Amino acid sequence: IDKYAVFGDPIEQSRSPLIHQTFAKQRNERIDYQKILGQKGNFSASLDDFFADPNAKGCNITSPFKQDALQWVTELSPAAVDAGAINTIIRLDENRFRGETTDGAGLVLDLKHQDFCISNSRILLIGAGGAARGVILPLLEQGAKQITIVNRTKAKAEDLANWFDNSNVLATDFLQMASESSQPYDLIVNCTSASLSGQLPDLSDDVLSKASMVYDMVYLSAPTAFLEHASRLGVVNTSDGLGMLVGQAAHSFNFWRGYMPDIEPVMQQIRSML
Ligand code: ATR
């Protein structure tokens, strides 16, 4: 039986085993999928141990090991190089392992699933950490016209924009945004973890209220503070990050097992458990 796992710290909260088992059942396949607490400071040992078993075919990586894992693999996809982090390892043969990132593809899948047209859109990303970095290239590849990164610490947004070296990727901070009038955004994505602590990023109500769609990468049992705020300002089209979570898992699954599972029933199942 093929073995998979997700590594993180903490890891108890992870829904990846449930998601991947449900995907496998869609084709009556059996897989083994465990959650494993990664070793901080010696994460490569965690991966060495797991892949010592020839039945271990792949794994997912979550916080805080996404950069460490990138060092361990023997090859990287172009998307992984751009993201600077990986969330998926695919065993190619006994000693070759490819690092992939599917978070951005997961967001793209969810946006498409919700009939949002990325092509030609103007997108605002809030936050300049790994979560924002991972979605920039996939959004550009889908034809996004302009991506603006707004961050509390402007230098981090600038570093990120410079890394992409693309005139359609811009950087700013909340103060500068508030002082300039801008065209409405088609999509605003909260790529910060602020919602996990019930905080709101410092984005002006004016900018937020004019967006066609507002997305929060975080998902909770109730709408996040950010989405609730957007709704209160009159934004009709809001989404949390559950679809992105299931979407990134679907792309990982596809890399391992060669077919895209159906995300809709899995999303409904997890939603009902929140
Ligand atoms: P990740 O890899 O998950 O993106 P990260 O690298 O720690 O995590 O980055 C978190 C991002 O969220 C950063 O852009 C951070 O802003 P700073 O660079 O100014 O620290 C942003 N962030 C976190 N909490 C925030 C808050 N309450 N308001 C605004 N931005 C916040």
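Close-up 1. Aspartate 2 is partly exposed, at 23% relative accessible area (buried is under 20%, exposed over 50%, partly exposed in between, with a 1.4 Å probe and protein chains only). This is a predicted model, where local features need pLDDT of at least 70 and side-chain atom pairs count only at pLDDT 80 or more, while totals for chains, interfaces and linings use all residues. Residues are numbered from 1 along each chain as its sequence is written, and side-chain values use heavy atoms, leaving out hydrogens and water. Aspartate 2 meets lysine 57 in a salt bridge, 2.8 Å from N to O (a side-chain nitrogen of Lys or Arg within 4 Å of a carboxyl oxygen of Asp or Glu). Lysine 57 sits in strand β3 and aspartate 2 in the segment before β1, so the pair ties together parts 55 residues apart in sequence (strands are DSSP runs of E, at least two residues; helices are runs of H or I, at least four; both are numbered from the N terminus).

**Close-up 2. Aspartate 240 and arginine 271.** Here the closest N and O atoms of the salt bridge are 2.7 Å apart. Aspartate 240 lies in the loop between β12 and α11, and arginine 271 in helix α12. Aspartate 240 is buried at 12%, whereas arginine 271 is partly exposed at 38%. Elsewhere, salt bridges that share partners join Asp2, Glu29, Lys57 and Arg257 into one network.

**Close-up 3. Aspartate 9 and lysine 40.** These two form a salt bridge, with the closest N and O atoms 3.2 Å apart. Aspartate 9 is partly exposed at 23%; lysine 40 is exposed at 57%.
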